[in-house]
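Hi,

Here is the structure I promised to pass on to you.

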Amino acid sequence: MTEATAPREVWITGIGLISSLGIDADTHKTHFETGTGRVLDESRYAPYPVHPLAPLEWSKQIPKNSDQRQMETWQRIGVYAAGLALADAGIAGNAELLDRTNLVVAAGSGERDTKVDCDVLEAIHSDDETALLAKSVLPSALRPTLFLAQLSNMLAGNISIVHHVTGSSRTFMGEESGAFAAAENAFRRISSGQADVILIGGALNAEREDLLLGYEIGHNLWRGPFKPAQERSGQDGGGFIPGSVGAFLTIESRAHAEARGAKAYARIADIRTDYTARKQGDIARSLTQLFETFLPRIPAGRLPVWAGSSGVDPSTTEDLAFFDLLPAYDIAPDVRVYGDDLGYSVEAHFFAGLALAALTTDGKGERKSRNPGAAKNALVTGTGYWRGEALALIEAIG
Amino acid sequence: MSQGHDKKGRPLVAVTGMGVVTSLGNGKADNWAALTQGRSGIRSITRFPTDGLRTTIAGTVDTLKVSPYSAPSLSIAMALEAANEALHEAQAGSNGKFPGPLFLATPPAELEWPQRRALYQSALDKSESGYRRLLASARASDWNEMQSLFQFSSVANHVAERLGTRGLPTSVSTACASGATAIQLGVEAIRRGETDAALCIGTDSSVQIEALIRFSLLSALSTNNAAPEQASRPFSKNRDGFVMAEGAGALVLESYEGAKRRGARILGFVRGCGEKADDYHRTRSKPDGTAIIGAIRNAIDDACLSPDDIDYVNAHGTSTPENDKMEYLSLKAVIGDRVANVPMSSNKSMIGHTLSAAGAIEAVFSLLTIRNGTLPPTINYAVPDAEIPMDVVPNVARQARVQAVLSNSFGFGGQNAALVITAP
């Protein structure tokens, strides 16, 4: 494909979002417009609260039982949300279009059979035995299919198999940074003419002890009763409250969307990322510098901000410091820390923020009724609990 | 079209530095000497006891000592070794700063048994069991060192911080195509004009007991344990699976104009990148090969070349019954009758399958093939497979002038990538 000489508009034409709040995008839109509370399970993994996935029927997006059996829950969450996005965009079922649709996923995983792990740990009594037991126990206890659930790229693999998205497939890793890089890369490919249509997103299954362990070795989880991220921050390093989330979007060049008559929610005006060493002040300084590149596109006044703050320090303290700087630019930030309702979803979190910003910025919503007070722009922020910074600017179309 | 652009008007992407680590040794010189002598790096595993396992061989990298040993530590060490060789050759950047982004292919992060065991043992309350005990132990002590190695961004972060690459480091996984995808990301960034240079690395240290058992359970591995160096037999009738292996490959990519401007030596070009995803099966490709064919065609189209221009194929060639047959059939579909004459060899016959690193390592070897005018052989080719009637450069290296190499990488999960690499 020949690169475009001038940047092309990148439109969001489909959204699939599932979480503890509900199993479609509309429910999420309504939730954040009316604020109807949150869903938390504080006992199952105590002292760690989690936002459990709302009940759903996997077969609605993953019709074959054989496919469902080949996946663990994080993959099912992602495949389900991806299917919703494709259907919303009018791409599902269009074989010709699916064969050209590119796939960009941010994934972690390593989903394990925790019972097998426990059996091994409880049976061995010295380091020398580790290998021995791994050999005698694992070969009979491990399921080959679970190995495929452990590989980060197999969420994308399953999306291709179930939904037939086969243009290309790339998986980015690295906690939140994986999502930042994936979103920025997909945006730039379309903007530059290297791709026309991309399905982007991620998924997190928060209801997993092995996943919690991976975060808690860095003391990144919040312990105890729910508190908003702002209040967690500053208390003993803060912590995040994981939430099961699947968040996918279809993004297209404007020309591609218009040619097929697709309606758009909004356009992505820009996505920018950074990587700081996290010395004191680095994060706020980085977000401010990224924001200044957006500033020419943002009118003075109220600006909805979908803040991806985790509640982990120092990143959340500095997020908040960044928001406090915005009035100096004649911007009145209307900050919504969306993780306080969804839970924090690591690789899926930035995509959930893009989805919420697009849903509420609301071009496609004109199909129903556009909120007359809706702002024309929205900012999405992302700061990794350990590394990585990102900002996205979403704009209403028209 | 100016001198520094291709037929599509995009900046040409040159390679100005390369580095490599495999079971054959550290660096291009040792690797190339071994490859052209037809020497294998596959041996019995000594890293952990293997008695009772179906497969006991691998291409481990034992030349870099990391202490304490862990898979991500070895991945980091190999990536840095390969990258430093590439940076030295390219003479790019200064003062510990590389003037471009890092694109890194690396395996998914996962705590392993020694870490799980350490957590389990350190628990204060030994009456608890299972993951509750692991979590209690994680809460109670400082595990920062473990966290810094076992996050999904860990390897990229360590490498980026050591090499001073610019911006957010990108970690990518397209299974066994990851190394090629990392290169593609770099090529695309340069073509977009975002950067004049990019550092693309693939690294993999997956020879761990559990990974070995898991691949074994998928029936993917060779069980020719008695003669390790003869176990990897791509395209042979008696091939019985791949051999897990470790290594890293690194390439410094630069816009042709940027490289010229600073007087860098150009080692070759990455002219085309192609991908195509398969929707058939989690570990098998579509019987008609359309996804692999698509990736190869896309790479050749992207290079503004025709199939007739390809004069050597650096095969994915894993030595599994399925892959090698599909690779042949797909290549035949793209290049037609020429398939019988175009030489295609598999580096994996000697270094094994380096998984996430393979695409990057094999890109380095493709460039060395062009530079040295020598085709590395496919070794262990004793029993030809009548279904794969190809010139696989059997057993002995061969002199040949090569202008354009097709380098294939196909992954579990249906993620296929191909690169077209050309002479300077």
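This is a predicted model: local features need pLDDT of at least 70, side-chain atom pairs count only at pLDDT 80 or more; totals for chains, interfaces and linings use all residues.

Residues are numbered from 1 along each chain as its sequence is written, while chains are lettered from A and ligands numbered from 1 in the order in which they are written.

Chain B first. You'll find 13 helices and 15 strands in it; helices (H or I, at least four residues) and strands (E, at least two) are DSSP runs, numbered from the N terminus. Its radius of gyration is 21 Å, close to the 22 Å that the globule rule gives for 424 residues, so chain B is as compact as a globular protein of that length. (That radius is taken over C-alpha atoms, and the rule is 2.2 Å times the number of residues to the power 0.38.) Of the 424 residues, 64% count as buried, meaning that 20 or more other C-beta atoms, placed from the backbone, lie within 10 Å of the residue's own.

Now, where do the chains touch? In chain B, 65 residues are in contact with 66 residues of chain A, where contact puts the C-beta atoms, placed from the backbone, within 7 Å. Among the elements giving two or more residues to chain B's side are α3 (113-121), α4 (130-140) and β6 (170-173) of chain B. The largest share, six residues, comes from α4(B).

Is it buried or exposed? Gly174(A) is buried, with 36 other C-beta atoms within 10 Å. Leaving out residues up to four places away in sequence, its contacts include Ala181(A), Phe152(B) and Ser171(B). Arg387(A) is 213 residues from Gly174(A) in sequence, yet their C-alpha atoms are 9.0 Å apart.

Finally, in chain A, strands β7 (residues 301-307) and β8 (residues 331-337) run parallel, joined by seven bridges. Gly301(A) faces Ile331(A) across that pair.

Cheers

Key
A residue is buried if 20 or more other C-beta atoms lie within 10 Å of its own, exposed if 12 or fewer, and partly exposed in between; C-beta atoms are placed from the backbone. Two strands pair if DSSP finds at least two bridges between them. Two residues are in contact if their C-beta atoms, placed from the backbone, lie within 7 Å.
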